[in-house]
Amino acid sequence: MGLFASDTVAIDVGSYSVKGVVVGSNKELKKFAAVPTPAGAIEGGVIRNPEQVTGAIQTVWQTLGVKDPHVIATVPGQHVFVRQISLPAMKKKELDSAVRFQAEGQIPIPPTDLILDYAVVGENKEGKQTEVLVVATRKSIVQQLIYLFNQAKLQPKVFDLEALALARILFKKNRKSAAGSLDLIASVGAAHTHICMFEGDVPRFTRTISFGGQRFTRALVMERSIDPEEAEERKLAGELPDEANSLMGDLASELKRSIDFYQSQNKEHSVQQVVLAGGGAQLSKLIDYLESRLELPVALGSLDDKLKIPKRLAAPANMEAFKTVFAPVLGLAVRGLK
Ligand SMILES: Nc1ncnc2c1ncn2[C@@H]1O[C@H](COP(=O)(O)OP(=O)(O)OP(=O)(O)O)[C@@H](O)[C@H]1O
Ligand SMILES: [Mg+2]
């Protein structure tokens with residue numbers, strides 16, 4: 001197996017594990033690796049132990065066996081805000097400061113820490129209002145991520161948004177979606193669930209909630225009086241806490257709340273399906289539970305359309321697990337590949 005300059009290396013730093021992949025220019029997966037993030041090193045989206053996180057990044061990179069230190073990385077969903085705002089029609093020059101002003105009021109990031117980008121996505125019939133899609137994140141988070149990668153002797157060449165990475169890998173090629181019909185992706189990690197709604201390939205709304213697989217492990221610890229390691233093992237083997245339905249209910253309610261909030265502002269839009277990714281999406285019975293609560297089709301995202309997985313790599317005992325856990329990082333890696 002050769003690793004060429006045209007290969008893309010992507011790394012996703014999560015609170016449960018750091019994942020890395022190498023993808024060739026023909027969209028063939030060449031290598032993948034995941035290394036556990038030491039417990040407590042990232043908590044509530046905050047990097048508490050930079051040395052440990054740097055160590056995990058370095059181990060992933062070494063396991064991938066690449067030489068090129070340039071990697072694509074992600075800004076975790078909880079630090080990214082996507083909002084659609086409506087402004088009176090105005091000249092491009094004025095729009096920049098009007099968008100910033102409006103965004104500062106709607107996005108919970110202090111103005112001095114706010115980085116944003118925006119795109120005009122529409123105008124109302126009379127051309128009096130302009131619809132703008134704003135994507136914002138924290139400067140301090142991006143700087144901290146750059147620092148961590150640099151400490152690991154790597155150079156992030158691009159920071160991409162988790163939501164865009166997910167859509168890129170999970171949505172089928174040339175899928176047709178009618179105007180106003182939305183696909184919702186919920187990426188269920190250990191500590192967070194990143195919710196994003198797309199109209200076609202355009203993100204319309206994102207929100208991150210503090211819900212993740214960790215809650216089920218904690219519930220097992222409490223209910224069975226066992227240590228977290230044993231609880232995690234049991235959970236991975238399919239055991240659910242007695243509280244599972246109530247925990248899944250919290251996720252269903254939050255998803256519903258996001259859908260209702262979005263639809264209250266965009267009455268003609270409706271969600272047609274829910275696609276799940278992230279390690280937490282593998283919890284047994286989660287899909288059935290969400291389907292019955294949301295009354296929508298719910299499925300694990302499939303990447304088959306977007307990525308070639310050669311036979312020698314298609315061996316992991318549980319390919320479904322691989323695909324859900326690696327979906328965000330694979331979405332980063334296929335960036336720019338046709
Ligand atoms: N087979 C499985 N069954 C149930 N849960 C699983 C399974 N495999 C992984 N998980 C859970 O998925 C979660 C980790 O998912 P993932 O790797 O997507 O998180 P992360 O990206 O590191 O975290 P975050 O994005 O929240 O920082 C953990 O809570 C883990 O217990
Ligand atoms: Mg994650």
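A residue counts as buried if 20 or more other C-beta atoms lie within 10 Å of its own, exposed if 12 or fewer, and partly exposed in between, with C-beta atoms placed from the backbone. This is a predicted model: local features need pLDDT of at least 70, side-chain atom pairs count only at pLDDT 80 or more, and totals for chains, interfaces and linings use all residues. Residues are numbered from 1 along each chain as its sequence is written, and chains are lettered from A and ligands numbered from 1 in the order in which they are written.

**View 1. D260 on helix α7.** D260 sits in α7, residues 244–265. Helices (H or I, at least four residues) and strands (E, at least two) are DSSP runs, numbered from the N terminus. D260 is exposed because 9 other C-beta atoms lie within 10 Å. I209 is 51 residues away along the chain, and its C-alpha atom is 15 Å from that of D260.

**View 2. The shell around ligand 1.** The shell holds 22 residues, the closest being G14, Y16, G189, G213 and G279. A residue is near the ligand if its C-beta atom, placed from the backbone, lies within 6 Å of it. Helices α5 (214–224), α6 (228–236) and α9 (319–333) each supply at least two shell residues. The most come from α6, with three.

**View 3. Where domain 1 meets domain 2.** An automatic or database domain assignment gives domain 1 (8–78 + 140–333) and domain 2 (79–139). Contacts link 17 residues of domain 1 to twelve of domain 2; contact requires C-beta atoms, placed from the backbone, within 7 Å. On the domain 1 side, β13 gives the most, with five residues.

Methods. Two residues are in contact if their C-beta atoms, placed from the backbone, lie within 7 Å.
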